[in-house]
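This briefing concerns one protein model and is arranged by topic for quick reference. Please consult the sequence and the coordinates alongside the text.

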Amino acid sequence: MRLKTLMFAMALSFAPLAAQAACGGSFPGFIQNLKAEAISKGHDKATVDRFFAGVRQSQSVLKADRNQGMFQRPFLDFSRNLISDARLKKGQQLGRQYDAIFDRIERQYGVSRGVILAFWAFETAYGSYQGDFNTANALVTLAHDCRRPALFRPQVFAALELFERGDFDPATTTGAWAGEIGMVQMLPRDIIENGIDGDGDGHVRLKTSAPDALMSGAAMLADFGWRKGEPWIQEVRMPKDFDWSQTGIHITKPIRDWAAMGVNARNGSLAQNLSGSIILPQGHKGPAFVTYPNFNVYFDWNQSFTYVVTAAYFATLIEGAPKMTKGSPDKGLTGQQMQALQKKLQARGHDVGKVDGILGARTRIAVQKEQKRLGLPADAWPTAALLNSL
């Protein structure tokens with residue numbers, strides 16, 4: 001969930017109860033409730049009726065929402081699945097093809113081209129597959145579902161606003177299962193707030209216009225707080241005697257302090273004027289990175305730690321960084337073992353969020369604390385040894 005969208009959803013929770021429809025219940029009744037709220041917001045009744053006329057509940061959207069097992073994969077496996085030499089070469093070729101657009105993005109928003117190209121690659125394979133879920137059905141289905149209604153309900157009304165502008169057709173607009181549209185996959189509210197007409201035709205066409213999509217993605221990152229011209233991630237070499245309990249995105253120090261502790265850039269030099277964190281996606285025997293403030297902006301785009309690290313790393317590859325040193329990490333846990341670990345961590349009083357078999361930020365922090373307590377290398381990478389010790 002994107003941070004700005006989450007903040008909007010939280011604000012919605014304080015709105016008068018009359019303006020908030022309960023999730024669940026009869027789907028046709030839910031549609032009627034949405035229509036009544038839209039009219040109360042000032043939308044024309046005939047327009048509202050046309051927008052919702054063909055909307056249907058989508059079981060395939062619900063199935064996709066519950067089936068996100070790919071995020072259980074460890075970083076090296078996940079990145080191997082998403083990054084190939086062909087995808088890298090394609091990104092660099094597109095960077096040259098749209099050089100004028102990327103120059104404009106870098107001047108206007110300060111977002112480096114590799115960052116946008118990596119999202120373009122991962123979200124839609126550079127626009128070649130943008131999703132075939134009906135967007136209106138997806139948004140209303142997820143708003144009706146009681147898992148995250150506060151996130152998706154506002155997106156329904158944003159799609160209605162795009163419909164009124166002539167930039168959304170509820171019958172034919174398709175995209176990702178979660179309602180995102182276009183080459184870089186943006187939700188309707190993001191399009192309203194950050195959509196850019198990059199090709200000058202008077203419309204924001206994220207599905208068919210690469211300039212529109214690339215400019216809009218950059219504008220959204222800038223809106224999330226991207227700092228102009230600054231790096232985001234960099235591979236580093238770690239000293240063997242390092243205190244691994246100091247690693248993790250929740251621990252930030254001036255880069256000069258990390259350098260004083262023996263951390264060195266594998267390629268180029270560290271940005272000594274910034275602050276950052278040291279992350280070990282698969283523990284102290286695997287690759288190591290220093291993350292800069294812009295890295296945190298990635299989580300406003302996607303909250304998966306593994307996705308974010310992979311996207312950030314791929315962006316550096318597109319811009320010429322060498323491939324990472326993979327090392328030889330200790331074998332991780334299966335999804336079932338990870339769930340067992342999360343339950344044991346919960347029993348010890350740790351907040352790991354949902355027991356889902358995914359090594360998220362809260363689970364990593366809990367793992368690191370238990371590793372330190374047990375005298376294990378506190379690198380936040382859970383192994384069978386930790387599971388057995390607990």
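The model is predicted: local features need pLDDT of at least 70, side-chain atom pairs count only at pLDDT 80 or more, and totals for chains, interfaces and linings use all residues. Residues are numbered from 1 along each chain as its sequence is written, and side-chain values use heavy atoms, with hydrogens and water left out.

**Helix α9**

- Helix α9 spans residues 135-144 and is mostly covered, 10 of its 10 residues being buried. Helices are DSSP runs of H or I with at least four residues, strands are runs of E with at least two, and both are numbered from the N terminus. Buried means under 20% relative accessible area, exposed means over 50%, and partly exposed lies in between (1.4 Å probe, protein chains only).
- Among the buried residues of α9 are T135, A136, N137 and H144.
- The N-terminal end of α9 is capped by N134, which places a side-chain oxygen 3.2 Å from the backbone nitrogen of A136.

**Loop residue V55**

- V55 sits in the loop that joins α3 (45-52) to α4 (59-66).
- With a relative accessible area of 6%, V55 is buried.
- Apart from neighbours within four places in sequence, V55 is in contact (heavy atoms within 4.5 Å) with F27, I31, A136, N137 and V140.
- I31 is 24 residues from V55 in sequence, and the two C-alpha atoms are 8.4 Å apart.

**Salt bridges**

- The model has 22 salt bridges, each defined as a side-chain nitrogen of Lys or Arg within 4 Å of a carboxyl oxygen of Asp or Glu.
- R113 and D103 form a salt bridge with an N to O distance of 2.7 Å. R113 lies in helix α8 (residues 113-124) and D103 in helix α7 (residues 99-108), so the pair ties together parts that are 10 residues apart in sequence. R113 counts as buried at 17% relative accessibility, whereas D103 is partly exposed at 30%.
- R189 and E193 form a salt bridge whose closest N and O atoms are 3.9 Å apart. Both residues lie in helix α11 (residues 188-194), 4 residues apart, or about one turn of the helix. R189 is partly exposed at 23% relative accessibility, and E193 is partly exposed at 37%.
- E230 pairs with R227 in a salt bridge, with the closest N and O atoms 2.9 Å apart. R227 is partly exposed, its relative accessible area being 37%.
- A network of salt bridges links D65, R66, D145, R147 and R148.

**Cavity**

- The count is 1 cavity of 30 Å³ or more. On a 1 Å grid over the protein atoms alone, a cavity is a set of points where a 1.4 Å probe fits but cannot get out, and lining residues have an atom within 4 Å of a point. Grid points are joined across faces, edges and corners, and a volume is the space filled by probe spheres set on the points.
- The volume of the largest cavity is about 130 Å³. Its lining comprises 15 residues, of which G248, I249, H250, R364 and A380 are the closest to the centre.
- β6 (275-279) and α17 (361-374) each supply at least two residues of this lining, and α17 provides the largest share, 4 residues.
- By class, the lining has 9 nonpolar, 4 polar and 2 charged residues. Ala, Val, Leu, Ile, Met, Phe, Trp, Tyr, Cys and Pro count as nonpolar, Asp, Glu, Lys and Arg as charged, and the others, Gly among them, as polar.

Notes. A polar contact is a pair of N or O atoms within 3.5 Å; within protein, one must be able to donate a hydrogen and the other to accept it, and residues adjacent in sequence count only if both atoms are side-chain atoms. On a 1 Å grid over the protein atoms alone, a cavity is a set of points where a 1.4 Å probe fits but cannot get out, and a pocket is an open set with protein on both sides within 12 Å along at least five of seven lines; lining residues have an atom within 4 Å of a point.
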